[in-house]
Structures are given as structure tokens and as C-alpha cells.
Amino acid sequence: MIYLRKLNMNDLHTTHVYSSDFENTYYMLNSGFSNIKETKKYLEKCINEYEKTNPTFITFAVVYNEIHVGEVFATLSKDGTIIGWIINKNYWRKGIATTAANMLIDILKNEYNIKHLISYCDERNIASKKIMEKIGMNYIGENGLRNYCKNVSCAKELKFEMFL
């Protein structure tokens, strides 16, 4: 069973496990967290955002069989809300990210009245590209280059979108 819930400080360890792992964050522009203090600061930011009347971003814990295994998130904008996900690598290839992304889309549509979604991925990140396609996003084209500080590389960025 998969469901979404708000992140909380009890998620500190499980969040740090996936967000500090190099393989888990390899294709993410943010390099992950190098220590537990950074992860704690991130969780505090997410929790504080829940309290705002007009949040700029929302993040939900992805829970699979009662285990916190990742998160889905959105940067809210009327010009196009950007969505994304990260799942602990031990839970990859189970359809969790696809299911959680669809749940996030329902929340954005029904609770935030979002009409336009955008997502980006590294051209080498085939798994995220497939998720974007499975959830109904359309490939728009290349969106320039992604420059990664952590692994001193760059790659083409792909852009997907959908209208709700």
C-alpha cells in the first residue's frame, strides 16, 4: 500500500538515508545532504511551509507498506508548477514513484487548483523519463544543460509538461 502524508521530524533518519546517498541523488540538481544537520534544516523548512496560507512549495512523504521511502514535491506557480520525486534506491522498480506522482497530481489539481505541471530530468535518467510519460506528461524538448557540482559533469535536460 502506498500513501502520501506530510513530512515530520520523525522522518529525519529515513529522509537522510535517501537524500544523502550518492546513487539516489546522482541526477538531482541539489546535491543531497552531507550531514544530518542539513537534512534536519530541510525538514524544518518543509514543515514550516505547511503552515503558510500560500506555500511556495509542498512536499509529501511517500509511505510504502508503512515505511517512509521517499517524497514527492512541487514548486507552486500559476505559470507552471514544477513537480519531482525521490525514492530510496532500495524501493526502485516497484511503481512507487509513478503511483506517488499520480497522487501528488490529484492533490495539486483538487486542493491547489493547479492547471499546468512541468517536470525536468537529465537525459540519462531513463527511469524518471518513463515516470513522466506514465503519468501523462508530454515531452516538450531539451531545456539546455544541467551542471552538476557534486559529480563535476553536465548533461542535457529534458522538459515535460501536462495540463490538468
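Me: In which helix is the place of Thr39?
Reply: This is a predicted model. Within it, Thr39 belongs to the run of residues 36–50. That run is helix 3.

Me: Is Thr39 buried or exposed, and what is its relative accessible area?
Reply: Buried means under 20% relative accessible area. Thr39 falls under that cut-off, so it is classed as buried. Its relative accessible area is 0%.

Me: Which residues does Thr39 touch, not counting residues up to four places away in sequence?
Reply: Contact means heavy atoms within 4.5 Å. With residues up to four places away in sequence left out, the partners of Thr39 are Leu12, Thr15, His16, Ser19 and Phe33.

Me: What distance separates the end C-alpha atoms of helix 4, and what span should its 16 residues give?
Reply: Helix 4 covers residues 96–111. The expected span is 1.5 Å times one less than the number of residues, and for these 16 residues it comes to 22 Å. The end C-alpha atoms agree with that expectation, as they are apart by 22 Å.

Me: Which residues of helix 4 are buried?
Reply: An α-helix has 3.6 residues a turn, so residues three or four places apart point the same way. In helix 4, the residues that count as buried are Ile96, Ala97, Thr98, Ala100, Ala101, Leu104, Ile105, Ile107 and Leu108.

Me: Where does Asn65 lie, and what is its phi?
Reply: Asn65 is found in the loop between strand 2 (57–64) and strand 3 (67–75). Its relative accessible area of 45% makes it partly exposed. Its phi is positive in a residue other than glycine, with a value near 50°.

Me: How many salt bridges does a search of the whole structure find?
Reply: A pair counts when a side-chain nitrogen of Lys or Arg is within 4 Å of a carboxyl oxygen of Asp or Glu. Over the whole structure, the number found is seven.

Me: With which residue does the side chain of Lys89 meet in a salt bridge of 3.1 Å?
Reply: The partner is Asp21. Lys89 sits in the loop between strand 4 (81–87) and helix 4, and its partner in the loop between helix 1 (12–19) and helix 2 (22–25), 68 residues apart. A network of salt bridges links Lys89 with Glu23 and this partner, Asp21.

Me: Which strands hold Lys156 and Glu142?
Reply: The two side chains meet in a salt bridge of 3.6 Å, N to O. This pair ties together parts that are 14 residues apart in sequence, because Lys156 lies in strand 7 (residues 153–163) and Glu142 in strand 6 (residues 138–148).

Me: How far from Cys121 is the nearest cysteine sulfur?
Reply: A search of the whole structure finds zero disulfides, and Cys121 is accordingly in none. Cys121 is buried at 2% relative accessibility, whereas Cys154 is partly exposed at 42%. The nearest sulfur, that of Cys154, is away by 15 Å.

Key: Residues numbered from 1 in each chain as written. Predicted model: local features only at pLDDT ≥ 70, side-chain atom pairs only at ≥ 80, totals over all residues. Heavy atoms only, no water. Helix = DSSP H or I, 4+ residues; strand = E, 2+ residues; numbered from the N terminus. Buried < 20%, exposed > 50% of the residue type's maximum accessible area, 1.4 Å probe, protein only. Disulfide = S-S within 2.5 Å.
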